[in-house]
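Here is a friendly briefing to read alongside the structure. Take a moment to look it over, then follow the topics below one at a time.

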Amino acid sequence: MERKACVIGAGIGGIATALRLNKDGWKVTVFESSAEPGGKIKQIQKDNYRFDTGPSLFTLPALVDELFELYNENPRHYFDYKKLENVTRYFYPDGTTINARQNPQEFADEIENKTGEPASNVLTYLKHAEKLYQLTANTFIFSPFTLNQIFTRDFLRAGLNFRKLNALKTMHQVNELYFSDPRVIQLFDRYATYNGSDPFQTPGTLSVISHLEHNIGAFFPKHGMHEIVQSLFEFSKQNNIRFSFQDPVNEIILKDNLAKGVKASSGDYYFDAVVTNADVFQTYGRLLSKKKIPSKILKQERSSSALIFYWGINDTHEHLDVHNILFSNNYKEEFNQMFTHKNIYEDPTVYIFISSKAVKSDAPAGKENWFVMINAPANKGQQWDTLIDEARKNIITKINRMLKTDIEPKIEFEELLDPRKIEEQTHSFQGALYGNSSNSMFSAFQRHGNTAAIKNLYFTGGSVHPGGGIPLCLASASITAYEIKKQHK
Ligand SMILES: Cc1cc2nc3c(=O)[nH]c(=O)nc-3n(C[C@H](O)[C@H](O)[C@H](O)COP(=O)(O)OP(=O)(O)OC[C@H]3O[C@@H](n4cnc5c(N)ncnc54)[C@H](O)[C@@H]3O)c2cc1C
C-alpha cells in the first residue's frame, strides 16, 4: 500500500526532505503558508532589478547536486553554478583592503602583502580547518545526533582528538593563537556570523567554516541564489510531489502520542509520517500546543537576525565585488551590543552583496543591485523603527567614508527586511536566521533532533539538527529521511 507523508513548510529543508521521501516511495504533500516556496530563500523582482532577499553565500553545492543525482538526473540540466575566484573583498577602517582569493596560497599571499601577517600562518590555519572538518563533519553534520552516536567510530575519533577540536577556547581565542595582526583575526572571527553566532563566545571548533570557503570553495548559482530553491521546487513538481500554497497548518493531529496528520486551512488530512520544516518553537508552541514543550531545548539563545536594505543603485563601482565587507572599528563591542544588549552598534560591520556583478541581468546596464546587510539582534520587541532609522544613517555615513562616495543620491529603489518581517514571513521565532545560536560549546548537543518523542513526527531544517544555513538544512533533510526510512521499514 502507498505510504503517505506530509511536510509542513516549503523551505529548502522541507523541499529536500520531500524529494528524498518521494524517492523512497512515499506520496508526499507539502503544506506552505505563504504563496511561494523557498522560506528564507526568496527574491524581489521590481523596476528591472532582481535581488536575492536571503542567503547570498553558497558553499557545498554538491549537497544540492545530490538531490538530482538521487533520481539519476544530471544536476546541470536543472541548476548550474560557478566557483568564485574572489570570495570576499574586505575593507577596514584604516584603509586596508584585502581581496580574499579562494585559492589558499593566493589568499595567504594577499594577507601577507596587505598586513605583513606571514602567509604560512594562513596556510597552517586552513590546514587545521580541513583537519577539523574531517574530524567533525560525519559526527556533527551528516549523522543523527543521538545517544547511539556516541558508540560510533567517528564519534570516538572526534573524542580522542578532543584537544584538536578547540572546543574549550572561543573562536576569537583560537584566531589569536594563529595570527598576530588584528585585521586578520577580525577576518577569521567573522566566520562565527555564518551561523549567527558571536566569535567571542562561539567555540573554536567553528573555525572549520573557513575550510568550506577557502579549501573547497565559494560558489554562485548562474541565475542567483533563488535558483537553488526554484530548481529544486520545479524538480519536485516534475516528480509528482504535491504542493499546497497559502495553506498554513494550524495543528498536528495526535492520537495516543502518535502523529496522524495535520489540520491545515484547507481541511484535515491524514498521513503515515508528518515532517515539520517549521521553526521548532512554532511547531511546539502552535502546532502541538497541547503537548508539553521541551523547555530545556527551547530555552536556548537564538541566532542573530538581520537588517537588510535592498538598494537599486544608479551607478557602478569597479572597486566592489560580489561579496564585500566594511568592517566595524570595534568588533567585540558590535557583538556585545547584539547578544548582550540586543541592540545595534553605532559602527556596525556592513555587508554589501551585489549579485549583478555575477549575473548581469540582475540590474539595468550602468546600475547595480546592492543588498546591504548588518547583523541585528533577535527580535525581542525592540523599538525597531527608531533602531532602523539610526542604523540607516550610520550605514550610509560608513559607506560614504570607507568607499569614498556619496551613496544616498544614487539610491533609486529601496526595500527593507528587518527581524520583525523575517519572523512574520517565515515564522522563524524572533526572526533568527539560523535557529539557535552556537554561542556555547554545548549548543550542538542542545539543538532539537530530527525525531521526536511523538511517534511518526519528524523535524527538518535550520532550527533543528545539525543547524542553520543552506548546507546544514540539506544535511538535516538527509538525516530526517534516513530516520523515516529506518522507522518505516
Ligand atoms: C537574510 C538572510 C541571510 C542568510 N544568509 C545565508 C547565507 O549567506 N548562506 C546560507 O547558507 N544561509 C543563509 N541564511 C540562512 C538560510 O537561509 C536558512 O538557514 C535556510 O534557508 C532555512 O531553511 P529551512 O529549511 O529551515 O526553512 P525556512 O526557510 O525557515 O522555511 C520554513 C518554511 O515553513 C513555512 N511554514 C512555517 N510554519 C508553517 C505552517 N504552520 N504551515 C505551513 N507552512 C509553514 C514558512 O512559511 C517557510 O516557508 C540566511 C537567511 C537570511 C534570512
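Two strands count as a pair if DSSP finds at least two bridges between them. With four bridges, strand β16 (residues 350-354) is joined to β17, and the two run antiparallel. Please keep in mind that this is a predicted model.

- Two tryptophans face each other across strands here, with Trp 311 opposite Trp 370 in β17.

**The sheet β10-β11-β12**

- Three strands make up an open sheet in the order β10-β11-β12, with antiparallel pairing.
- β10 (249-255) and β12 (267-270) are the edge strands, each with a single partner, so one side of each has no neighbour in the sheet.
- On average, neighbouring strands of this sheet are turned by 30° against each other, direction ignored.
- Strands of a sheet pair through backbone hydrogen bonds, either parallel or antiparallel.
- Six bridges hold the antiparallel pairing of β10 with β11 (residues 258-264).
- Along that pairing, Glu 251 stands opposite Lys 263 in β11, and Leu 254 stands opposite Ala 259 in β11.
- β10 and β11 form a hairpin with two residues between them, and Asp 256 in the turn has a positive phi of about 50°.
- A second hairpin leads from β11 to β12, again through two residues.
- β11 and β12 run antiparallel and are joined by four bridges; Ala 264 has Gly 267 in β12 as its bridge partner.

**Helix α7 and what covers it**

- Helix α7 (residues 182-189) is mostly covered, with six of its eight residues buried.
- The buried residues of α7 are Val 184, Ile 185, Gln 186, Leu 187, Phe 188 and Asp 189.
- Which elements cover the buried residues of α7? They include the strands β6 (86-91) and β7 (97-101), together with the helices α3 (104-115), α6 (171-178), α8 (209-216) and α12 (331-340).

**Around the ligand**

- Of the 38 residues around the ligand, Gly 9, Gly 11, Gly 13, Gly 39 and Gly 461 come nearest.
- Elements giving two or more residues to this shell are α1 (12-23), α10 (280-287), β14 (305-313), α14 (419-426) and α16 (470-487).
- Which element gives the most to the shell around the ligand? That is α1, with three residues.
- By residue type, the shell around the ligand divides into 18 nonpolar, 18 polar and two charged residues.
- Domain 1 (3-41 + 57-81 + 223-300 + 436-487) and domain 3 (304-426) each supply at least three residues to the shell around the ligand.

Key: Residues numbered from 1 in each chain as written. Predicted model: local features only at pLDDT ≥ 70, side-chain atom pairs only at ≥ 80, totals over all residues. Buried ≥ 20, exposed ≤ 12 C-beta atoms within 10 Å, placed from the backbone. Contact = placed C-beta atoms within 7 Å. Near = placed C-beta within 6 Å. Nonpolar A, V, L, I, M, F, W, Y, C, P; charged D, E, K, R; others polar. Domains from an automatic or database assignment. Axes fitted to C-alpha atoms, helices over the stretch in contact; angles between N-to-C directions.
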